[in-house]
Amino acid sequence: MIKSRAPGPALIRGIAALLALAAASGGVMAQGECGPDAPPPVPLCSVAGMLEAVNPSQTLDVFGNLNPAAFAGGANRDLMPGQASMSFAGGLSAGGAACARHLSVRRLGGTEGVPGIDAGTADMLADMIGEDVDIPTASGGTRQTIFEVFSPNIISYQGGGLGQPLSLRHGGTGGWPRNSGAHLVIALKGAGPGDLKAGETYPAKAVGSSGTGTASGLYSAWTGQIRPRPYLPPNTENQRREQEFEKRTCHRLRRQFLSNMEAAGVPLGSTTGRQVRDMDCDSDGIGQAGTRTTVTGGSLGGTVTIDQITETAVIGRFELSGTAKIERQKRSWSTRGPGRVDVDRDTDTGALSVSGRFAAPNMRNMGFTRPPFEVTQAPTSNAGPGAQLRLTSYRPRRDAKNLPWDNPGIRLSFNRPLDPASIVPGAVTLETGLADGQGGAVMAPVKVRPRLAGADTVIVTPRKPLRDGVRYRVTVRAGPNGLRGTEGAYLPVDQVWGFDTMVDLDDTDPLSAGLADHLAQTEGIESDTIQVATNAKLVRGKPAVIRTYAKWRTDPQIAPEWQVTSFPAHVRARPGSGLDAPLLTPEARNVTIRRPDDFTDHERRMAENSINLYGWTPDYEELRVVRTEIEPVRDCAESPRIFSGYEEIAWDPLDRDLNIGYVFARVGPWYDFIPQNMIKEGAHTAKRAARYMEQVFPVQSVEMSEAPAPPPDPNLNDKLVAAIDKAYQFELLSETFSKDTMGTLRWLNSVLANPPAMTERLRKRDNIRAELLNHVQDHLIANGAYDSYDLVVIYMPYEWMKLLGVTLSPRIDQQDNPTAEAAQPFIGMSLTKALTGRKRIANSGAITHEVGHAFGLGHIPSFQGNRASVNAARDRYENTRWEGIEGMRMDPGGQHGLNKSYEDGNAESESELLPLMFPRTQVKETLFITRRNYDVMLKNLKKDFISLSP
């Protein structure tokens, strides 16, 4: 193909202009319209909402508690958290929707006992031990009020902490930065639950997860990539034993854990976050490169103000400030081994403030929220409005993708009419995170204009277009200073959620990160239509894949966790001539498009860094331009946006099939009969070789079938057997005696041997092979085999010849006046089988290599020198990738392909990618043809063999 690079050929520019005009004249492929009201928002602090933030493979959950069924109904229902909001400022800028645990207390002093046990638990204990129980309850002392607020994640709910940073993984739930979490425990100074009154403010401080000391584990976040971290090769025998012991112990513990859970009836299949279940005991763990931010401790003090106390909730706000220890890490992949990272740490103790609102449940007065905190209840207060304002529906929905940057359509509907005086810019805010130059973010407001659209609905419009490919946070302010109902009702807590604007794939800014060199180094959409070699001319009747690349770059002004790195889309390919032209391949629906620099090396090697559209078998000159379309998926889109890329197609008129025969040489161990297992092996090899040739040559099909076999010739057999025996004897001697001794033996053999036939100098195995192949070739020509076959493969017994492929060309004296043999090439192939130590795959690969020779391909690289220097040169190239190999090894059915790329890697092997014509017999099906050799084949397949003769 001819790649279209900016500004592109006139043909493509003209097509693009016509299609743009057609698209502007009417809606294109609408995805469906939304109803007049979006569904009501799902609470972030539901079980499902909290589970969204869990990273299953990195979350310790050995008891299966991260199962939604564990929270269904019963006593747990009243203990589910209420809604809240929380925001950090100062040394850290982050925030969003949060959860508020049930109103709790920490008991100070008093009698010993088990506090807060409920009757149901007592009955359960009585049933277990078979008699009544009388469990004392702690009394006396004082009770300190505890409020606990955390970002929506079930890890904090269960354990009272954040765990490790990698335990959380989400796209920005509740308006928080990607893969982040927060946890705050607030203790009131000298105020118990019975002291709480609406309208009062109480001194407070942030404490540890046990309710004492200073705050710890306030915040964590990470961005980047995760890779397995295999064990490094042991340096000593003792180290090897230690690694094996660790692996065996891990396997035993894992089996025991799973066995215990199965015996306990834990539903393993539905449990989320089972680290034990997903544990890879043969790995040393996982590595993560990118960034990490943690707030590991802080001394924060301030106030808590109670706005309202109802029968179901304590509603209030908190403002704390002080200092905290903030550590930021830049983590890069290390040269010390796969999965290892080098970490650059920056730790600082600086100012930090945290504020927010909560609606803590106030429904029970027994049991535990989590040890050591007891569930408690505060007396109802009538202060504040009797009714509450409630957000009943909103657009865009939480975590919506692909919103238009010029009009995201923010619309809020409430349960009661609104006070027009409360509709001010500060009541609804829109923000994103700007890069602070230290790996963090500074929240930056966007100017918006809110306005009433009916008595209970607000529309919020940005005053200028938003940035494309950026995450934004919407906050609907709660409390008296936020939106209010006409009678004074207000939201109890801030309503916070995020959305992503659409990536603009019409941009053409420079871009290099994550792109192979053969692609245009700019943003946009690009495609490669591949039958074998990338950017080669197409032939008719051969399956093709259309590899589509969506290319956009990082935004240096936006913090990494606030940039869009992926989005859902539909991807299509059509002829470039018409907007409604029929699809070339089945549409790829709801695929995840990812930013080029977001892929791991493994994903690039497996061609997962492109959207691969299979299913097109082109006809010759079927079209001149391929148009690839990427349509971002949106919930509500009357006129969806469609981005297009164009690729000009070049064609080759070659229309060629290959018909190859194979025969068995009746000589040596095959003289009397061909063993049945070798007959099967020959047929199997022929089938695999034909399939492989279809995948690496520009031919429509390859058929390889058995040709008429030559009869056994006793004279030839006796002669060759004697020569092979002598070759074997001298090979044994050469392993025993020095080179000087072997030279003497060869001289004695040539001078003293008797009978006279033995005085000939010993032939090498390849000379013996050549004599055998010429004999079989004479038979094939005499019987007209080449009337049916382009060329013939002659199988020989490997255990006898111990040599693999060869292609015979006409002799030098035939070049001016070539004989019939010159136009009728053949391939000699020593056929291996199981138990020979050679992989079967080498047979079919070697045949294809030799067919390449028959059509004029030379070795790559071409070597000069003695055998030792040739071997040394070949050794240098093994376990490397050869520049000039770019393509796909397509399945003959055209529904799958394996990436073959110097730049991205070999999908079939992590170690190397060498040319098909590499001059060493090995597993050649993992190799591939170079673009240059593929172009040679396009020319030479049109010629007869005489014109290809040297």
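Two strands are taken as paired if DSSP finds at least two bridges between them. The views below show a predicted model.

**Figure 1. Strand β20 and its two partner strands.** Strand β20 comprises residues 471-476. With strand β21 (residues 495-501), β20 pairs in the antiparallel sense over six bridges. Within this pairing, T475 stands opposite V496 of β21. Strand β16 (residues 428-435) also pairs with β20 in the antiparallel sense, over four bridges. Here V474 of β20 is the bridge partner of L430. In a regular strand the side chains alternate between the two faces of the sheet. In β20, R471, R473 and T475 lie on one side, and Y472, V474 and V476 lie on the other; both faces are covered, and all of these residues are buried. The strand is thus described as mostly covered, with six of its six residues buried.

**Figure 2. The open five-stranded sheet that contains β20.** The strand order is β14-β21-β20-β16-β17, and the pairing is mixed. Strands β14 (400-403) and β17 (441-446) stand at the edges, each with a single partner strand, so one side of each has no neighbour in the sheet. On average, neighbouring strands of this sheet are turned by 35° against each other, direction ignored.

Figure 3. A cis peptide bond with an omega of about -10° joins R395 and P396. P396 is located in the loop between β13 (391-395) and β14. Within strand β14 itself lies N402. Although N402 is not a glycine, its phi is positive, at about 65°. N402 has a relative accessible area of 2% and is therefore buried, the limit being under 20%. Most residues other than glycine have a negative phi, and most peptide bonds are trans.

**Figure 4. Further backbone exceptions, at P861 and N590.** I860 and P861 are joined by a cis peptide bond, with omega about -5°. The loop that holds P861 runs between α13 (841-854) and α14 (867-877). A positive phi of about 55° is found at N590, which is not a glycine. This residue, N590, belongs to strand β25 (residues 588-594).

**Figure 5. Surroundings of N179.** N179 is placed in the loop between α5 (154-159) and β5 (180-188). Because its relative accessibility is 6%, N179 counts as buried. A polar atom of the N179 side chain lies 2.9 Å from the backbone nitrogen of H170. The side chain of N179 also reaches the backbone oxygen of W222, at 3.2 Å. Apart from neighbours within four places in sequence, the residues in contact with N179 are L168, R169, H170, S220, A221 and W222.

Figure 6. The side chains of E629 and R572 meet in a salt bridge, at 2.7 Å from N to O. This pair links distant parts of the chain, since E629 lies in strand β27 (residues 625-632) and R572 in strand β24 (residues 566-575), 57 residues apart. E629 is buried, with a relative accessible area of 2%, and R572 is buried as well, with a value of 1%. Both residues belong to a network of salt bridges that links R572, R574, E587, R589, R627, E629 and E631.

**Figure 7. Two salt bridges with partly exposed members.** In helix α6 (residues 237-263), E237 and R240 are three residues apart, about one turn of the helix. E237 forms a salt bridge with R240, and the closest N and O atoms are 2.4 Å apart. E237 is partly exposed at a relative accessible area of 41%, and R240 counts as partly exposed at 35% relative accessibility. In a second pair, the side chains of D597 and R595 meet in a salt bridge of 2.7 Å, N to O. D597 counts as partly exposed at 30% relative accessibility, whereas R595 is buried with a relative accessible area of 9%. A search of the whole structure finds 43 salt bridges.

**Figure 8. Packing of helix α15.** Helix α15 spans residues 931-940, and its buried residues are N933, Y934, M937, L938 and N940. The buried residues of α15 pack against α8 (676-696) and α16 (945-948).

Methods. Residues are numbered from 1 along each chain as its sequence is written. This is a predicted model: local features need pLDDT of at least 70, side-chain atom pairs count only at pLDDT 80 or more; totals for chains, interfaces and linings use all residues. Side-chain values use heavy atoms; hydrogens and water are left out. Buried means under 20% relative accessible area, exposed over 50%, partly exposed in between (1.4 Å probe, protein chains only). A polar contact is a pair of N or O atoms within 3.5 Å; within protein, one must be able to donate a hydrogen and the other to accept it, and residues adjacent in sequence count only if both atoms are side-chain atoms. Contact means heavy atoms within 4.5 Å. Axes are lines fitted to C-alpha atoms, for helices over the stretch in contact, and angles run from 0 to 180 degrees between N-to-C directions. A salt bridge is a side-chain nitrogen of Lys or Arg within 4 Å of a carboxyl oxygen of Asp or Glu.
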